[in-house]
Structure formats: C-alpha cells, structure tokens
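The sequence and the structure come first, followed by the description.

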Amino acid sequence: MSIDGYIDDATGSRLLLSDEADFDRVDEVRAGCDAILVGAGTIRRDDPRLLVRSPARRAARAAGDAAATPLKVTITGQGDLNPAARFFGSGDAGKIVYAATPAVAKTEDLLGKVALVVDAGDPLDLVRVLADLGARGVGRLLVEGGGATLTQFLGGGLADELQLVIAPLFVGDSRAPRFVGDGHFPWNDRHRARLAGARPIGDLVLLRYALSDRCDIDQEGRGAAWTRERGTSEEEGGALRRRGSERETPRSERTGAGPLTGSGTVAASCGASYSFLAAVAGPDQAGQQPATG
Ligand SMILES: NC(=O)c1ccc[n+]([C@@H]2O[C@H](COP(=O)([O-])OP(=O)(O)OC[C@H]3O[C@@H](n4cnc5c(N)ncnc54)[C@H](OP(=O)(O)O)[C@@H]3O)[C@@H](O)[C@H]2O)c1
C-alpha cells in the first residue's frame, strides 16, 4: 500500500506499488499456499491471473502432487463476473466462486463452465466459505485483496498473519481504494497486533504482523509452528504447512485475542488446521510480470 494507506489510485489504470523483488516474494508466498482468494471487485478491476510464476516453484508444487498453482477462489454477492476473465482462463488450478444464495443461479449460468459455484449463504458468510475450503483440503489460504475483502477478513479476526508492504509514495486521493475500510478490528489501542518482522525490500518495507497464536513467526520472520513439508527451506520456496498433529488453541483459550471470532470456529468445526494469511503487497502482479506472460 502507499504511505497514506491506499492500495490503488482512482485512475483507470492500475497503480504499481511493488518492485520485482517484492513480486517474487509474493510469488513465493503464493507457492506456499493451497488457495488464493480475491474479491470479485479485484477480478473486475485488475483482471489478475493469480498464478505462481516461478518455474522452479511450480515444479516443486507439482512434484509434491499439488497443482502448479494454488486453487483460485473469489467471493461475490451479485455474480457479475466475466467468464473470460484471466482468473478463470489461466492456470491448471481449480476455480471456486462463492456466491451469496440469491445470486447462485445466475452465477452458475454465467460461470458454471469455468468454475465451481458454491452457495455461501445469505448474506454470504466468510466463516462458511472457510469451512468449505477446509473441507476441500485447503489448509493455508492467501487473501490478496481488495479492500472490501481484507476489511472483512481482518475485521472478523479470520487472518493469522498480515503481510503489509509499504511503498514510498502517497496517493492523496480519497476516491482511491484503501487497504481497509471502516470496521471494528480486533487490534486496537487496547489490543495491539504483534509485529513479528520488518525488513526493507529495496525502497519498500515489509511488515509482518502475527494476528493469532497460530502464527508464531520468529524474529527472522520464520514460522516456528510450520513444518517444511516438502523438505525445502522457506528461502528456497518450500511450502510451509502447519503440522497436522499440532493442537489448535480453542478460541476461548486464546490470550488477549479480543473478538477473534472466526478462525477458531472454522478450525474446530472442520477439524482441520488453518492459516489465513492476509497479504497486502502489490495487486496481482502476475499480469505485469514478464515471466507469467
Ligand atoms: N495493492 C494491493 O495489494 C491490491 C490487491 C488486490 C486488490 N487491490 C485493489 O483493490 C481494489 C478492489 O478492491 P474492492 O474493495 O473494490 O474489491 P474486492 O474486495 O476485491 O471485492 C469486493 C467485491 O467482492 C464481493 N464481496 C466481498 N465481500 C462480500 C460479502 N461479504 N458478500 C458478498 N460479496 C462480497 C462483492 O462482489 P460483487 O460486487 O460481485 O457482489 C464486492 O463488490 C482494486 O482497485 C484493486 O486494484 C489492491
């Protein structure tokens, strides 16, 4: 995001906030996830591919029996999405559209040939979305935006980690989309988020916040609670997954968690372990990265 908290500008063209090194970092994070979620607004505005662009990372995923690129997921209340969007047309991964109940039939008509359309309730219920993803084997979800979507994941206490990249520029236009909108967030003056890491990336800076006790990143930015499932290091692009045997801390036992309402419920109801990672870096850079084409 910009120094003044915007994730895009208000012009017709997309604002580039990240640099090549940060694009690569996002690529690594993507490669370590089971699914990537963006709101329908981001698909309409940015037409992202949401792919893993590094051939080595794609190959490592495929060698581990995963699709070369994570499952792609979106949420919509209206279902007005273009089936020709790159979200649907690119990559070998599955695509899931979670639609609010009143829009399911219309969405199915429009997108049924290019994606699996799933009823997500009326109103659309993110906890239900996460539970359904868990039942489909998603243990680690990367939420890439945009602002409306991040507001709900963060406001609902559904993210375990926030990766925030700040670009050295101001947008200075309140018509532009912000990182988050108004809301009641679990982290406030009485309950501050834990800064788990900070490092410059060129003229950008990456801030990592641990938002739940399932995210115990150490000072070097490594998640001590994550195992290296495919035997590679994080730096090498290995996928980091939570140990299956590890006990989840029930929501009621979480200390200082405030209104952490969603993630504990989801993990408990599905018997799965989750890490919901809300990453705010650049917009989907796949479309802007030469390597992805
Ligand atoms: N810098 C970055 O890292 C970054 C990353 C991603 C996006 N962005 C920017 O973010 C902007 C888009 O953000 P945005 O806030 O407008 O859109 P968004 O969060 O991507 O999508 C919002 C849309 O998602 C659906 N949705 C979200 N929550 C819902 C719920 N609870 N129930 C039903 N539907 C729900 C609705 O779709 P329907 O309208 O179809 O009902 C809603 O209009 C773009 O400018 C993009 O460039 C920046």
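## Strand 1 and its partners

This is a predicted model. In it, strand 1 and strand 2 run parallel and are joined by 5 bridges. Within this pairing, alanine 35 is placed opposite leucine 71 of strand 2. Strand 1 also pairs with strand 5, again in the parallel sense, over 4 bridges. Here valine 38 faces glycine 145 of strand 5.

Strand 2 in turn is joined to strand 3, residues 95–99, by 5 bridges, and these two strands run parallel. Threonine 76 has alanine 99 of strand 3 opposite it.

Strand 2 is mostly covered, with 6 of its 6 residues buried.

## The shell around the ligand

The ligand is surrounded by 31 residues, and the closest are Gly39, Gly41, Gly77, Gly145 and Gly146. By class, the shell divides into 13 nonpolar, 12 polar and 6 charged residues.

Several elements supply at least two residues each: strand 1 (35–39), helix 2 (40–46), strand 2 (71–76), strand 5 (140–145) and helix 7 (147–155). Helix 2 gives the largest share of the shell, 5 residues.

## Cis peptide bonds

Most peptide bonds are trans. A cis bond joins glycine 145 and glycine 146, with omega about -5 degrees. Glycine 146 sits in the loop between strand 5 and helix 7. Both glycines of this bond are listed among the closest residues to the ligand.

Another cis bond links aspartate 122 to proline 123, with omega about 0 degrees. Proline 123 belongs to the loop between strand 4 (116–119) and helix 6 (126–135).

Most residues other than glycine have a negative phi. Leucine 50 has a positive phi, near 55 degrees, and is not a glycine. Leucine 50 is in the loop between helix 2 and helix 3 (55–63). Leucine 50 counts as buried because 31 other C-beta atoms lie within 10 Å, where the cut-off is 20 or more.

Aspartate 65 also has a positive phi, about 75 degrees, without being a glycine. The loop that holds aspartate 65 runs between helix 3 and strand 2. Is aspartate 65 buried or exposed? Aspartate 65 is exposed, since 7 other C-beta atoms lie within 10 Å, and 12 or fewer is the limit for that class.

## Helix 1 and the segment before it

Helix 1, residues 20–31, has 12 residues. From its first C-alpha to its last it reaches 16 Å, close to the 16 Å expected at 1.5 Å a residue. Its buried residues are Phe23, Arg25, Val26, Asp27, Val29, Arg30 and Ala31.

Leucine 17 lies in the segment before helix 1. Leucine 17 is buried because 24 other C-beta atoms lie within 10 Å of its own. The C-alpha atoms of leucine 17 and methionine 1 are separated by 6.6 Å, although the two residues are 16 residues apart along the chain.

## Whole chain and confidence

The chain has 8 helices and 11 strands. Of its 293 residues, 46% count as buried. Among contacts with a separation of 6 or more, 69% are between residues 24 or more positions apart.

The mean pLDDT is 79, and 73% of the residues reach 70 or more. Where does pLDDT stay under 50? One such stretch is residues 224–274, for which the model has 99 contacts beyond four places in sequence. Another is residues 281–293, with 40 contacts beyond four places in sequence.

Technical notes: Residues numbered from 1 in each chain as written. Predicted model: local features only at pLDDT ≥ 70, side-chain atom pairs only at ≥ 80, totals over all residues. Near = placed C-beta within 6 Å. Nonpolar A, V, L, I, M, F, W, Y, C, P; charged D, E, K, R; others polar. Pairing = 2+ DSSP bridges. pLDDT = per-residue confidence, 0-100. Contact = placed C-beta atoms within 7 Å. Expected span 1.5 Å × (residues − 1).
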